[in-house]
Structure formats: C-alpha cells, structure tokens
Amino acid sequence: MLRASGARFQRQMNGLLNTRFELASVGARPYEGEILRSYAADRVQLADIRFSPHSTRLRSGRPAAGSGNTFLVSYQMEGEAIVRQNGREAHIGANNLFFIDTSQPFEIETGDIWTRSIYLDSQFWQDVFPERGYYTATALDCDRGIGLTCRSLIHSIFEQAWNHPPETVTRLAASLANLLAVSMVTTLPIAPSFDLPVERNLERIKAAVRRNLADSDLDCSFVAREVGMSVRQVHAIFKHSGTSLNRWIWRERLDRIASELRNPVLRHKPVSGIAFDWGFKEAAHFSRQFRAHFGVTPSHYREASLQQVGSSVAPRALQAG
C-alpha cells in the first residue's frame with residue numbers, strides 16, 4: 001500500500017506506473033492519494049487508487065525513454081469526475097468507465113473518488129479498435145449490456161492478476177481492449193457518412209475488414225455494405241492508404257497467419273488449416289502469397305520461428321518488411 005500527498009504522491013505514482021502525470025489539488029485542501037494495490041508487467045499496469053479532490057494533466061515535455069504509448073482505462077468505483085480529451089468532455093459517476101490516450105493532452109478533475117485504473121499498451125488496441133481516437137473521454141455505463149460485461153472483466157482482472165503469470169494477465173488485458181472496442185462502437189456508433197474526414201472513414205473501413213478477416217467472401221462489396229458506402233466510395237477512400245483494399249486484406253490475413261505459425265501451442269495444427277481459418281480458399285494460392293510477402297514458405301517460417309526458444313517474435317530475417 002502506498003499513501004502520500006502532494007508532490008510526493010505524484011513522484012511515487014509516476015514511478016510505479018511509468019506515467020508522466022501532473023497532479024494538483026482542487027481548492028484549498030491539499031490532495032492525498034492512496035494506492036491500495038498495484039501490479040506492473042511489460043504491457044499492462046494495474047492500480048486500485050483512492051484520491052481526494054484533485055486534477056490530473058499530462059506533464060509537458062517529452063516522454064521518458066521506454067514509457068511508450070499507453071491508454072488509461074479507468075473504472076469508477078465511487079465518486080465523480082470530469083474527463084476531457086480531443087475536444088470531448090464526459091461526466092463520470094460511480095459504475096462508469098472511460099479511457100484516455102496518455103500520450104496526448106488530457107484533463108481529469110475529481111472529487112473524492114475510488115478508481116480501478118488499468119494501463120494498456122497501445123498495441124492491444126491497434127488492430128481491434130482503430131477508431132479509439134474518436135472515443136477517448138467518453139463515458140460508458142456499466143450497469144447494463146456490454147458495459148456490464150466490461151465491469152465484470154475488470155473486477156476479474158483485479159481479483160486474479162496477482163495469482164497468475166504475466167502471460168495470463170496480458171491475455172486478460174487484451175480481452176479487455178477487445179471488449180471495450182465492441183462496447184464503445186456498439187453503444188456510440190459513428191454514423192456512416194462520406195462527408196466525414198478521409199482519415200476517419202479509412203479507419204472505419206479498416207475496422208470492418210479486421211472484424212471480418214476470417215470470412216472467405218470478404219471483398220470490397222462486403223466491406224461497402226458493412227460501412228454503408230458504395231464500392232466506388234470505399235475504393236476512393238482507401239487510395240489514401242497507399243495500397244489497394246484487396247492487397248491490404250491479404251496482408252492483414254498473412255500477418256494473422258504468421259502470428260499463429262509462431263505460436264508453439266499450435267505447432268501441430270496444419271498450415272493449410274490455419275490458412276483456411278483466415279479466409280484463404282486454396283492452399284497453393286495461400287503458399288504463393290505467403291512466400292511473396294515473407295520471402296520463405298509457411299513451413300520454413302514456422303520451423304525457424306519455433307526454434308527461437310523463449311522468444312515471442314519471429315527471427316528478424318523472416319519478418320515482413
């Protein structure tokens with residue numbers, strides 16, 4: 001347990017959670033903080049925290065080496081807060097949650113609160129929630145629906161993290177990122193509109209592709225129906241990515257397959273079975289595409305990858321450029 005006030009608590013919290021926050025009291029009363037318990041791994045940190053009224057902002061200046069890009073997911077156990085980021089403001093009450101990008105300016109003002117904070121590496125969100133920048137500082141009600149499921153998972157993570165190896169906690173954290181993506185998009189969908197900024201529509205298209213990568217019928221017409229656009233509009237928007245939609249779909253599928261080929265738990269699963277799971281219909285076509293992308297056959301890629309005992313990445317020479 002860590003309990004302190006003022007600058008001392010700020011230093012201890014930033015050191016413990018690898019953050020760069022600036023805390024200040026609200027009114028004449030000096031703020032106090034108490035970290036009831038904390039957990040830190042390479043890609044996820046947890047903190048059960050009680051605070052007196054205070055404000056939190058991103059400290060100015062460059063981030064420290066190794067601090068990375070992290071998202072703070074905050075579930076409010078007790079009390080009220082106001083959070084602001086990217087021009088949005090949300091009022092947070094008990095049994096609400098929100099998330100923010102801790103690498104970008106933000107502001108949080110609170111009364112007396114108890115919060116469960118989860119700091120997730122940005123890589124958890126990259127594929128599953130490309131629209132995340134449009135949902136920071138947005139309140140999610142955890143009383144019903146998918147929000148209730150999010151609450152249950154957060155409590156489960158806090159109950160189990162200290163009793164399981166980091167690999168298990170990391171998987172739980174990845175599950176939370178997936179679940180929050182579904183929760184936000186389902187609760188507050190972005191209305192289809194060709195008039196939206198190109199970057200925003202491009203992210204919507206990519207998100208639709210990622211949700212349906214395993215469907216062998218995935219093509220531009222499929223994606224167009226998913227995002228409420230015409231095929232012509234989808235092609236026009238995707239030109240801004242620097243590649244064609246079909247080529248990007250193949251690349252995403254091949255990267256997913258490569259990830260499974262590197263997984264020692266799946267070492268006995270046939271390569272063709274993995275390819276079919278990710279939407280390929282013909283083994284020969286898949287093998288040609290894989291070799292063109294990675295420079296080696298799928299079997300060679302798997303063999304070389306699994307020889308890297310204790311490594312979580314493929315050999316450098318085998319990674320896609």
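Two strands pair if DSSP finds at least two bridges between them. In this predicted model, strand S6 (residues 70–78) and strand S11 (residues 113–121) are joined by 8 bridges and run antiparallel. Within this pairing, Ser-74 has Ser-117 of S11 as its bridge partner.

S6 and S11 belong to an open sheet of 7 strands. The strand order is S1-S3-S4-S11-S6-S9-S12, and the pairing is antiparallel. S1 and strand S12 (140–141) are the edge strands, each pairing on one side only. Strands of a sheet pair through backbone hydrogen bonds, either parallel or antiparallel.

At the S1 end of this order, strand S1 (residues 2–5) runs antiparallel to strand S3 (residues 32–40), and 4 bridges join them. Ser-5 stands opposite Glu-32 in S3. S3 also pairs with strand S4 (residues 44–51) in the antiparallel sense, over 7 bridges. Here Ala-40 stands opposite Gln-45 in S4. S3 and S4 form a hairpin, with 3 residues between them.

Helix H3 (residues 145–160) lies across S3, S4, S6, strand S9 (96–101), S11 and S12. H3 runs at about 85° to S11.

Strand S3 also holds Glu-34. This residue is buried yet has no salt bridge. The nearest side chain of opposite charge is that of Arg-3, 4.1 Å away. Beyond its neighbours within four places in sequence, Glu-34 is in contact with residues including Met-1, Leu-2, Phe-9, Asp-48 and Arg-50.

Aromatic pairs number 18 in the whole structure. In one of them, the rings of Tyr-39 and Trp-162 have centres 5.9 Å apart and planes at 80°, so the pair is edge-to-face. The pair links distant parts of the chain, 123 residues apart. Tyr-39 lies in strand S3, and Trp-162 in the loop between H3 and helix H4 (166–187). Tyr-39 counts as buried, at 11% relative accessibility. Trp-162, with a relative accessible area of 33%, is partly exposed.

Elsewhere, Trp-250, Phe-280, Phe-286, Phe-290, Phe-294 and Tyr-301 form one aromatic cluster. Tyr-301 is also one of the buried residues of helix H11 (residues 298–306).

Definitions and conventions. Residues are numbered from 1 along each chain as its sequence is written. This is a predicted model: local features need pLDDT of at least 70, side-chain atom pairs count only at pLDDT 80 or more; totals for chains, interfaces and linings use all residues. Side-chain values use heavy atoms; hydrogens and water are left out. Buried means under 20% relative accessible area, exposed over 50%, partly exposed in between (1.4 Å probe, protein chains only). Helices (H or I, at least four residues) and strands (E, at least two) are DSSP runs, numbered from the N terminus. Contact means heavy atoms within 4.5 Å. Axes are lines fitted to C-alpha atoms, for helices over the stretch in contact, and angles run from 0 to 180 degrees between N-to-C directions. Lys and Arg count as positive and Asp and Glu as negative; His and the chain ends are not counted. A salt bridge is a side-chain nitrogen of Lys or Arg within 4 Å of a carboxyl oxygen of Asp or Glu. Rings of Phe, Tyr and Trp (its six-membered ring) pair if their centres lie within 6.5 Å; planes under 30 degrees apart count as stacked, over 60 as edge-to-face and the rest as tilted.
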